[in-house]
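Q: Please take a close look at one part of this predicted model, the place where the two chains meet. Which residues and elements build it?

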Amino acid sequence: MAISILHRVTGDGLAVVGALGLVWWLMAAAMGQEAYDYFISWAKSPIGYVVMIGLTWAFFQHLLSGLRHFVLDMGAGYELKVNKSWSILLPFLAIAITVVIWALIFTRHI
Amino acid sequence: MGTGTGIGRVRGLGSAKSGAHHWLVQRYTAVGNLLLVVWLIISLLKLSGLDYGSVTAWIANPLVALPLILMLVSIFWHLRLGLQVLMEDYVHDDGLKFFCTLLLNFYALGGAAAGAFAVAKIAFTGGAA
């Protein structure tokens, strides 16, 4: 049940904050240097990092639980033990992917 | 059509014939999002910088602009279907539901159009100008 709620919550977050942020980024790039720098000043603020790290986690959590839905759609993975292990494992996997991506970013550029 | 229970009123009418379409498109766009957003994340990690010049030069490449536009369509279509389900679960008043559907459609179409237009503008004007 928790994994299902997480799927919905991360989906809603991505749909609103993620999609608006993406369009803002693209629009700013299309509008010119000044608009883009304004976007970057927000993105590189503490709030910006919290939002972007949060979105990264939300995306991978949603992706992984989405893949779980694909498996369940095919009629597989309903055995209690299998179902339970995946639903416990996926949140850890999503956090691990997020950590790897942001470790890459913080140790290289920007 | 009786006036009894909900199930009594709809029994024998058959399905609305469009439920499976919603379900299927949600899955098609899910696969689209998976491929295209993962591509975006990897591409951004590989870019030398995320400053104005690097980003617009990158978007100006047709092999970047096209998948970006496809990604926007896939994302906004998927989120429209997802938020519709959310709304159907929690908004029960007919008038309010109409209003929410209106807002959702404006948001999904407007967002996809804005993003796609921005990418097209950068692509057609050749990036940093």
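A: **Where chains A and B meet**

Leaving aside residues up to four places away in sequence, Ala29(A) touches Tyr36(A), and on chain B Tyr52(B), Val55(B), Thr56(B), Ile59(B), Ala118(B) and Ile122(B). Ala29(A) also stands out in the largest nonpolar core, which has 38 residues: together with Ala19(A), Ile59(B) and Val119(B), Ala29(A) touches the most other members. At least two residues of this core come from each of α1, α2 (33-43), α3 (46-73) and α4 (80-107) of chain A and from each of α3, α4 and α5 of chain B. Helix α1(A) supplies the largest share, nine residues.

Helix α1 (residues 2-31) of chain A also meets helix α4 (residues 62-90) of chain B, their axes coming within 10 Å and crossing at roughly 130°. The two helices are therefore oblique to each other, and their crossing is left-handed. On α1(A), the contact is made by Arg8(A), Gly11(A), Asp12(A), Ala15(A) and Ala19(A); on α4(B), by Ile75(B), Phe76(B), Leu79(B), Gly82(B), Leu83(B) and Leu86(B). This contact comprises seven nonpolar, two polar and two charged residues.

Over the chains as a whole, 24 residues of chain B are in contact with 21 residues of chain A. On the side of chain B that touches chain A, two or more residues come from each of α2 (19-46), α3 (52-60), α4 and α5 (94-124) of chain B. The largest share of that side, seven residues, belongs to α5(B). By class, the side of chain B that touches chain A has 18 nonpolar, five polar and one charged residue.

How values were computed:
Residues are numbered from 1 along each chain as its sequence is written. Chains are lettered from A and ligands numbered from 1 in the order in which they are written. This is a predicted model: local features need pLDDT of at least 70, side-chain atom pairs count only at pLDDT 80 or more; totals for chains, interfaces and linings use all residues. Axes are lines fitted to C-alpha atoms, for helices over the stretch in contact, and angles run from 0 to 180 degrees between N-to-C directions. Helices (H or I, at least four residues) and strands (E, at least two) are DSSP runs, numbered from the N terminus. Angles under 35 degrees count as roughly parallel, over 145 as roughly antiparallel, 65 to 115 as roughly perpendicular and the rest as oblique. A crossing is left-handed if the near helix is turned anticlockwise from the far one by less than a right angle, and right-handed if clockwise. Two residues are in contact if their C-beta atoms, placed from the backbone, lie within 7 Å. Ala, Val, Leu, Ile, Met, Phe, Trp, Tyr, Cys and Pro count as nonpolar, Asp, Glu, Lys and Arg as charged, and the others, Gly among them, as polar. A nonpolar core is a set of buried Ala, Val, Leu, Ile, Met, Phe, Trp, Tyr and Cys residues joined through C-beta atoms within 7 Å. A residue is buried if 20 or more other C-beta atoms lie within 10 Å of its own, exposed if 12 or fewer, and partly exposed in between; C-beta atoms are placed from the backbone.
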